[in-house]
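I opened the model and kept notes as I went. The entries below follow the order in which I looked things up.

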Amino acid sequence: IVLPVVFAFFLFLLLDPWVERAERKGVSRRVSSVFAVLLSIIIVAGSGYAFYQSVVRIAERIPSYSERVES
């Protein structure tokens with residue numbers, strides 16, 4: 001129960017300045033909040049995908065690494 005609350009608090013601290021800035025420029029708080037959350041989801045998903053791809057490349061090279069070690 002505590003972990004989601006702590007995560008939500010840190011997410012609020014990270015995204016609130018961006019929402020406040022958009023609100024000062026005339027965008028409603030609801031729209032800017034949704035945009036900030038969607039943008040953060042896209043960034044996290046993209047980072048996860050890039051990390052996954054690098055792990056896959058390393059896993060594909062493991063047989064050649066083991067051959068080098070054995071010889």
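Which residues of α1 are buried? I listed L15, D16, V19 and A22 as the buried residues of α1. I took buried as under 20% relative accessible area, exposed as over 50% and partly exposed as in between, with a 1.4 Å probe and protein chains only.

Notes on the source. The model is predicted, so I noted that local features need pLDDT of at least 70, that side-chain atom pairs count only at pLDDT 80 or more, and that totals for chains, interfaces and linings use all residues. Residues are numbered from 1 along each chain as its sequence is written, and side-chain values use heavy atoms, with hydrogens and water left out.

Entry: helix α1. I took helices as DSSP runs (H or I, at least four residues; strands are E, at least two), numbered from the N terminus. α1 has 23 residues and reaches 33 Å from its first C-alpha to its last, close to the 33 Å expected at 1.5 Å a residue. The expected span is 1.5 Å times one less than the number of residues. I found a kink of about 40 degrees at L15, shortly before the proline P17. The bend at a residue is the angle between axes fitted to the seven residues ending there and the seven starting there. Just after α1, G26 takes a positive phi of about 105 degrees. I then looked up the cover of the buried residues of α1, and it includes α2.

Entry: helix α2. α2 has 42 residues and reaches 61 Å from its first C-alpha to its last, close to the 62 Å expected at 1.5 Å a residue. I noted a kink of about 40 degrees at I62, shortly before the proline P63. S32, A36 and S40 are buried in α2, and what covers the buried residues of α2 includes α1. An α-helix has 3.6 residues a turn, so residues three or four places apart point the same way.

Entry: V19, in helix α1. V19 counts as buried because its relative accessibility is 5%. I searched for contacts (heavy atoms within 4.5 Å). Leaving aside neighbours within four places in sequence, V19 is in contact with R29, S32, S33 and A36. V19 and R30 are 11 residues apart in sequence and 8.9 Å apart in space, C-alpha to C-alpha.

Entry: S32 lies in helix α2 and counts as buried at 7% relative accessibility. Leaving aside neighbours within four places in sequence, S32 is in contact with V19, A22 and V27. A36 also has its place in helix α2, and A36 counts as buried at 9% relative accessibility. Not counting residues up to four places away in sequence, A36 touches L15 and V19. The C-alpha atoms of A36 and A22 are separated by 9.8 Å, at 14 residues apart along the chain.

Entry: the largest pocket. How much space lies in the largest pocket? I recorded about 270 Å³. On a 1 Å grid over the protein atoms alone, a pocket is an open set of points where a 1.4 Å probe fits, with protein on both sides within 12 Å along at least five of seven lines, and lining residues have an atom within 4 Å of a point. Grid points are joined across faces, edges and corners, and the volume is the space filled by probe spheres set on the points. α1 (2–24) and α2 (29–70) each supply at least two residues of the lining. Among the lining residues are W18, V19, S32, F35 and A36.

Entry: R68, in helix α2. R68 is exposed because its relative accessible area is 62%. R68 and F9 are 59 residues apart in sequence and 49 Å apart in space, C-alpha to C-alpha.
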